[in-house]
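Here is a short briefing on one chain. Look over the sequence and the model, then read the points by topic.

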Amino acid sequence: MSRVYTWDGSFELLSGETMLEGLERQGYVVEYQCRAGYCGSCRTPLVDGQVEYLIEPLAYINPDEVLPCCCRPAPEARVDVEVLTNNRNHSDEANSEAWDESLVKLF
Ligand code: FES
C-alpha cells in the first residue's frame, strides 16, 4: 500500500495510480503539463518519505521535490506533499472566487 499525506489529510493510492492521479481523485489541484516527467510543471515539495519513479524523469528536481505525475510513494513508505491548491471543500463558484482572490493578490 502507498499512502500520500498532505497538509490536510491522507489517502491510499489505488493500484497502478500515480501520485498525481491520486491527488486529482481526492480533489487536489496540482499544476501539470506533460504528465510524463519531462516538463517539471508538477514539481512538488517532498516534506518526508521517499518515492519511486515509474519512469525515469527527465525534468530537473531538487532533492526535496518530487514529480507526482510519474511517481508513487515507495512501498511501505509514507510521504508528505504540499500542493498548490485544494478545492475539495468548495463549489465551482467558490473556486472561481478563490482563484479571483489569488489573482488579485498577485497584481
Ligand atoms: S507534468 Fe510534466 S513533469 Fe510532471
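A nonpolar core is a set of buried Ala, Val, Leu, Ile, Met, Phe, Trp, Tyr and Cys residues joined through C-beta atoms within 7 Å. A residue is buried if 20 or more other C-beta atoms lie within 10 Å of its own, exposed if 12 or fewer, and partly exposed in between, with C-beta atoms placed from the backbone. The model is predicted: local features need pLDDT of at least 70, side-chain atom pairs count only at pLDDT 80 or more, and totals for chains, interfaces and linings use all residues. Residues are numbered from 1 along each chain as its sequence is written.

**Core**
- The largest nonpolar core has 15 residues, and Val 66, Leu 67 and Cys 71 touch the most other members.
- Helix H1 (19–25) and strand S8 (78–81) are the elements that give two or more residues to this core. Helices (H or I, at least four residues) and strands (E, at least two) are DSSP runs, numbered from the N terminus.
- H1 supplies the largest share of this core, three residues.
- Beyond its neighbours within four places in sequence, Cys 71 contacts Thr 18, Met 19, Val 51, Glu 52, Tyr 53, Leu 54 and Val 66. Two residues are in contact if their C-beta atoms, placed from the backbone, lie within 7 Å.
- In soluble globular proteins, nonpolar side chains tend to be buried together.

**Sheet and overall fold**
- The chain holds two helices and nine strands. From the N terminus, the elements run β-β-α-β-β-β-β-β-β-β-α.
- Five strands make an open sheet with mixed pairing, in the order S2-S1-S8-S4-S6. Two strands pair if DSSP finds at least two bridges between them.
- Strand S2 (9–12) and strand S6 (65–66) are the edge strands, each pairing on one side only.
- Strand S1 (residues 3–6) runs parallel to S8 over three bridges. Val 4 stands opposite Val 79 in S8.
- Of the 107 residues in the chain, 21% are buried.
- Among contacts between residues at least 6 apart in sequence, 51% join residues at least 24 apart.

**Loop residue**
- Arg 35 has a positive phi of about 60° but is not a glycine.
- Arg 35 sits in the loop between strand S3 (28–29) and strand S4 (44–48).
- Arg 35 is partly exposed, with 16 other C-beta atoms within 10 Å.

**Confidence**
- The average pLDDT (the predictor's confidence in each residue, from 0 to 100) is 80 for the chain, and 74% of the residues score at least 70.
- Residues 90–107 have pLDDT below 50, and this stretch has three contacts in the model beyond near neighbours in sequence.
- Where pLDDT is low, the predicted coordinates should not be read in detail.
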